[in-house]
Amino acid sequence: MVSDEPRADVGATTGGPGPRQAWGTLPWLVRTAVLWSACLVVVVAGLYLLGRIATLLAPLAIALAATIFLTALLDPVLLRLRRLRLPAALAALLTVLLLLGILVGVGVLVWNLTANQFDQLSQELTQGLDRSREFVTSTLPVTDAQLDRLVDQARNGVSGSSPDPVAGARTASEVVGSALLSLVLLFFLLKDGRSMWHWVLSRVSGRNQPVAAEAGRAGWRTLGAYSRGTMLIAAIDAIGIGLALVVLRVPLALPLALITFLGGFIPIIGATVAGAVAVLVALAAKGPTTALLTLAAVIAVQQIEGNLLEPLVMKRQVRLHPAVILVAVTAGTLIAGIAGAFVSVPITAVLWRIIDTVQQRRAQAELISG
């Protein structure tokens with residue numbers, strides 16, 4: 001028989017308030033901090049897990065990232081070929097062949113012009129470091145013995161972390177395999193990418209399908225704008241700094257311009273490292289005056305890029321705060337090295353654009369329903 005007497009409070013029988021009552025007695029600031037901390041822990045754990053999986057599958061992850069980046073970059077070329085009423089397979093094949101032709105042509109040109117200069121580049125950098133060493137010891141309270149200790153420690157660390165020949169051969173084979181896989185995947189994504197996306201959308205429930213479609217289009221536009229804008233800005237930086245080096249008669253202007261172009265794909269950090277290399281070569285070859293002029297030219301080009309070119313070339317939805325870029329590049333470098341530094345910023349920009357689009361659609365839906 002069920003008793004009609006009121007049931008005693010669980011907290012009273014245990015000698016204290018229950019979990020729900022204890023939670024309710026906490027200040028709202030503490031409850032908010034706990035909830036946000038729990039959400040942050042879950043997000044960080046998920047990102048860490050994805051990063052570990054990507055690290056274990058590094059060749060595949062790099063190939064996929066490079067393929068998606070190149071697909072977004074070459075999509076306008078494919079669309080122009082499709083407007084000429086070419087079949088999808090032929091248009092995709094011609095686009096891939098065009099990419100290969102550009103890469104091979106640039107590689108052969110740079111190799112023919114600079115193959116005999118890379119040894120000279122190493123010597124110039126060594127001389128620049130020696131002059132920098134003299135400057136440091138003459139102006140700062142640092143002795144030659146202390147600098148020698150620091151250099152020896154750095155050299156030992158580099159030699160200790162250098163891979164053995166077997167690991168080097170395995171890495172080279174992974175790079176070649178990733179490149180071939182990227183080319184094959186690039187062809188199929190250019191040929192069937194839109195039909196693949198429509199298939200994915202067909203698996204989304206009807207209620208969420210419009211939001212997913214709009215978020216996907218926004219993310220794809222962001223990636224395309226980022227890839228094309230980054231390539232254009234990197235080319236302009238390389239041309240500007242290369243012309244400055246030619247005017248100042250600094251040797252190895254073409255290899256340094258190539259380093260500047262490649263460094264442009266790693267925001268902030270890449271340009272800084274490339275500029276430092278150019279200044280060191282100028283210091284070794286022409287002395288402090290030319291090095292200072294080179295530094296001024298590098299800073300001027302980077303200021304023009306950051307304050308004029310980037311706002312014009314990059315669309316508003318692509319631009320990220322410099323602090324966000326630094327955090328993304330650092331995290332990508334820690335997870336996957338140089339490859340992670342290349343892909344971290346576009347991934348961050350795309351994810352932010354997708355999240356922002358979803359939030360806007362939800363806000364619009366709440367306004368309409370309210």
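The model is a predicted one, where local features need pLDDT of at least 70, side-chain atom pairs count only at pLDDT 80 or more, and totals for chains, interfaces and linings use all residues. Residues are numbered from 1 along each chain as its sequence is written, and side-chain values use heavy atoms, leaving out hydrogens and water.

**Overall build**

- The protein has 13 helices and zero strands; helices (H or I, at least four residues) and strands (E, at least two) are DSSP runs, numbered from the N terminus.
- Contact means heavy atoms within 4.5 Å, and of the contacts with a separation of 6 or more, 71% are accounted for by residues 24 or more positions apart.

**Helix 9 meets helix 10**

- Helix 9 (residues 209-247) packs against helix 10 at an angle of about 155 degrees, and their axes are 8 Å apart.
- Here axes are lines fitted to C-alpha atoms, for helices over the stretch in contact, and angles run from 0 to 180 degrees between N-to-C directions.

**Aromatic rings**

- A search of the whole structure finds three aromatic pairs; rings of Phe, Tyr and Trp (its six-membered ring) pair if their centres lie within 6.5 Å, with planes under 30 degrees apart counted as stacked, over 60 as edge-to-face and the rest as tilted.
- One of these pairs is Phe261 with Phe265, edge-to-face at 5.4 Å centre to centre with 85 degrees between the planes.
- The rings of Phe265 and Phe342 have centres 6.5 Å apart and planes at 40 degrees, so this pair is tilted.
- Phe265 lies in the loop between helix 10 (253-263) and helix 11 (269-286), and Phe342 in helix 13 (residues 322-369), so the pair ties together parts 77 residues apart in sequence.
- Ring pairs link Phe261, Phe265 and Phe342 into a cluster.
- Phe265 is buried at 12% relative accessible area, while Phe261 is partly exposed at 21% and Phe342 is partly exposed at 32%.

Note on methods
Buried < 20%, exposed > 50% of the residue type's maximum accessible area, 1.4 Å probe, protein only.
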